[in-house]
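Please read each point beside the structure.

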Amino acid sequence: MSGVSLKTAYARSVALAGGLPFILPSAAIAVEPRDFLDGLDGLLLSGGGDVSPLRFGEEPLAGLGTVSRERDDFEIALALEARRRGLPVLGICRGHQLLNVALGGTLYQDIPSQVEGAISHQPPEGQAVDEFWHSIEILPASRRLALSAEEKILVNSFHHQAVKELAQGLVATARSSDGLIEAFESVEGSWILGVQFHPETLTAPYPVFLGIFGALVAAAAAHASGSNLD
Ligand code: MN
């Protein structure tokens, strides 16, 4: 039997930002994924295992980690329905990658074996989740990463996959020094933000990261009231 689990940091960060979090069972149960969205004003896609390369037309390479067809199915259905309804979506780590794939983009299946000159994006096991690991540059195109007046900030990093080709309608808004995409946003249409790092574990020691969840909650409130925040 498969199970469903989620670290509480996601719900805590949404709540700290003024939102009311609900956790969805990311599994094939006798409910259409889209039906969950009826009572929601926004969607957060969380971290987790790898997205199957079959979703973007590639066969698995040697560095690929574990995948779940059930979870990919569920989250891609949610992402597409959220976009159809204009619901704001925040993707974190796997959620950032999943969102890009759902909208038509591709991924590096494994950074160390596919990206020459890449820095380390995955510390050794045991690294504290709220420890900074590498810097990112926030690009001028960013309208939603209201983190800091600084162009360069420090973030944590726990991923070995990364966005390769961005889906149409998305623009890169932060990059690590090796050029990999650490954040993207929608150019037009509904509110979409993806971040490759893990702000949910940074909100306690560094409250500035709450800004990401505050932006989602504000966009969700705007959607609920019938106006679109952009
Ligand atoms: Mn990284």
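This is a predicted model: local features need pLDDT of at least 70, side-chain atom pairs count only at pLDDT 80 or more; totals for chains, interfaces and linings use all residues.

1. Arg 55 has a relative accessible area of 29% and is therefore partly exposed; the scale calls a residue buried under 20% relative accessible area, exposed over 50% and partly exposed in between, with a 1.4 Å probe and protein chains only. Its salt-bridge partner is Asp 73, with the closest N and O atoms 2.8 Å apart. Because Arg 55 lies in the loop between strand 1 and helix 2 while Asp 73 lies in helix 2, the pair ties together parts that are 18 residues apart in sequence. Asp 73 is also partly exposed, with a relative accessible area of 40%. A salt bridge here is a side-chain nitrogen of Lys or Arg within 4 Å of a carboxyl oxygen of Asp or Glu. Helices (H or I, at least four residues) and strands (E, at least two) are DSSP runs, numbered from the N terminus.

2. Residues are numbered from 1 along each chain as its sequence is written, and side-chain values use heavy atoms, with hydrogens and water left out.

3. How many salt bridges does the structure hold? The count is 10. One of them joins Glu 58 and Lys 164, at 2.9 Å from N to O. Glu 58 is in the loop between strand 1 and helix 2 and Lys 164 in the loop between strand 6 (162-163) and strand 7 (170-176), so this pair ties together parts 106 residues apart in sequence. Shared partners also join Arg 55, Arg 71, Asp 72, Asp 73, Glu 75 and Arg 94 into one network of salt bridges.

4. A manganese ion is coordinated at 2.2 to 2.4 Å by His 121 (ND1), His 134 (NE2), Ser 157 (OG), His 159 (NE2) and Glu 182 (OE). Donors are N, O and S atoms within 2.8 Å of the metal (3.2 Å for Na, K and Ca); water is not among the atoms, so sites may look incomplete.

5. Aromatic pairs number 5, where rings of Phe, Tyr and Trp (its six-membered ring) pair if their centres lie within 6.5 Å, with planes under 30 degrees apart counted as stacked, over 60 as edge-to-face and the rest as tilted. Phe 36 and Phe 74 are edge-to-face, at 5.9 Å centre to centre and 70 degrees between the planes. Both of these residues, Phe 36 and Phe 74, are buried. The pair of Phe 132 and Tyr 206 is stacked, because the ring centres are 4.5 Å apart and the planes stand at 25 degrees. Ring pairs link Phe 132, Phe 197, Tyr 206 and Phe 209 into a cluster.

6. Helix 1 has the buried residues Ala 9, Tyr 10, Ser 13 and Val 14. Seen down the helix axis, the buried residues of helix 1 fall within an arc of 135 degrees, so they line one face; the arc is that of the directions from the helix axis to the C-beta atoms. The face turned away from the buried side of helix 1 carries the exposed residues Arg 12 and Leu 16.
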